[in-house]
Amino acid sequence: MTLQKKMTVRCPKCGEALDVEVWPSVNAEESPEAAERLRTGDLFLIRCPKCGNESMGNYSVLYTDRPHRRMIQYVAAETPEEENQSVLEYRAARLDMIAKLRETDPESATEFESIPYRIVLTLNDLREKAIIAASGLDDRYVELVKAYMLPAVRDMRPELGVAEIRFFEDEGKKLLVFLNGDGADVGSCDFDQESYDAFADGLVFKADDTDMIGPAWAKDVLATLFEKFSKGKEEKPEGKAE
Ligand SMILES: [Zn+2]
């Protein structure tokens with residue numbers, strides 16, 4: 001369900017009172033236009049008509065894309081402590097909702113529970129995950145492609161200072177965008193569909209052991225994979241890797 005509220009906030013630059021729309025929940029099926037604006041970031045943009053200042057609204061948002069089977073909870077917080085607390089609360093609230101639903105409508109509860117659920121801690125992560133879902137891709141394999149590519153890009157183009165890679169889709173074209181430490185766009189390449197398919201074919205996740213699927217998660221998965229692979233090679237030089 002899409003939820004929309006009106007709020008009054010102060011312009012951070014000139015102090016003007018601004019009426020803004022906030023969207024605690026966006027359902028892509030119900031509100032395709034709001035979903036599109038969430039993916040571009042426009043949904044959170046606050047423009048002050050008086051001084052022209054632009055800022056980003058920052059509040060927690062649940063994004064649901066049922067056709068693409070994804071629920072993404074963005075948790076906004078002021079401090080790391082508050083963030084940890086809120087993450088636990090959102091997780092508990094979801095489980096509570098599933099438990100309640102199971103009492104009245106077990107089928108829906110099972111369906112709801114089966115939709116991959118993610119928690120993200122930045123608006124850019126929310127946007128990226130929503131774009132990945134809309135592209136019909138699995139964010140776990142996209143993160144693995146990005147984690148696999150990052151050291152190679154750094155080696156090949158050290159002068160760019162690439163700090164992170166983001167998935168992006170522009171007019172149907174899937175891209176990987178390179179950002180430096182300041183978040184500035186310093187380059188891009190076509191999405192590496194071949195590596196994506198290789199990960200998707202070779203790696204089956206039975207169930208997600210975490211709802212936080214990002215660069216740190218992907219780095220760990222890759223490290224475990226490489227470890228297994230090199231062990232397998234040592235132990236069985238002529239055998240197949242498991
Ligand atoms: Zn202003």
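Predicted model: local features only at pLDDT ≥ 70, side-chain atom pairs only at ≥ 80, totals over all residues.
View 1. Residue numbers start from 1 along each chain, as its sequence is written. The chain has seven helices and 10 strands. Both kinds of element are DSSP runs, numbered from the N terminus: helices are H or I with at least four residues, strands are E with at least two. The C-alpha trace spans about 70 × 55 × 40 Å along its principal axes. Of the 242 residues, 22% count as buried. Buried means that 20 or more other C-beta atoms lie within 10 Å of the residue's own; exposed means 12 or fewer, and partly exposed is in between, with C-beta atoms placed from the backbone.

View 2. Domain 1 gives 11 residues to the contact and domain 2 gives 13 residues. Two residues are in contact here if their C-beta atoms, placed from the backbone, lie within 7 Å. On the side of domain 1 that touches domain 2, β7 and α4 (123-134) are the elements that give two or more residues. The largest share of that side, five residues, comes from α4. Across the chain, residues 24 or more positions apart account for 55% of the contacts with a separation of 6 or more.

**View 3. The five-stranded sheet.** Five strands form an open sheet in the order β1-β2-β5-β6-β7, with mixed pairing. Strands count as paired if DSSP finds at least two bridges between them. β1 (3-10) and β7 (117-120) stand at the edges with a single partner strand each, so one side of each is left without a neighbour in the sheet. The twist averages 25° from one strand to the next. Strand β6 (residues 70-74) pairs with β7 in the parallel sense over four bridges. Q73 has I119 of β7 as its bridge partner. Strands of a sheet pair through backbone hydrogen bonds, either parallel or antiparallel.

**View 4. Strand β5 and its two neighbours.** Five of the five residues of strand β5 (residues 61-65) are buried, so the strand is largely enclosed by the rest of the structure. Both faces are covered: V61, Y63 and D65 are buried on one side, L62 and T64 on the other. Strand β2 (residues 17-27) runs parallel to β5, joined by three bridges. S25 is bridged to L62 in β5. β5 and β6 run antiparallel, with five bridges between them. Here Y63 has I72 of β6 as its bridge partner.

View 5. R69 has 13 C-beta neighbours inside 10 Å, so it counts as partly exposed. E171 sits in the loop between β8 and β9. Phi of E171 is near 50°, a positive value in a residue other than glycine. E171 has 4 C-beta neighbours inside 10 Å and therefore counts as exposed.

**View 6. The three-stranded sheet.** Three strands form an open sheet in the order β8-β9-β10, with antiparallel pairing. β8 (162-170) and β10 (185-190) are the edge strands, and each pairs on one side only. Neighbouring strands of this sheet are turned by 25° against each other on average, direction ignored. Strand β9 (residues 173-180) and β10 run antiparallel, joined by five bridges. V177 stands opposite S188 in β10. Helix α5 packs on the sheet, touching β8 and β9, and its direction makes about 130° with that of β8. Axes are lines fitted to C-alpha atoms, for helices over the stretch in contact; angles run from 0 to 180 degrees between N-to-C directions.

View 7. Helix α5 (residues 139-156) has 18 residues. From its first C-alpha to its last, α5 reaches 25 Å, close to the 26 Å expected at 1.5 Å a residue. The expected span is 1.5 Å times one less than the number of residues. α5 bends by about 30° at M149, and a proline, P151, follows within four residues. The bend is the angle between axes fitted to the seven residues ending at a residue and the seven starting there. Buried residues of α5 include D139, Y141, V142 and E143. L144, V145, K146 and A147 are also buried.
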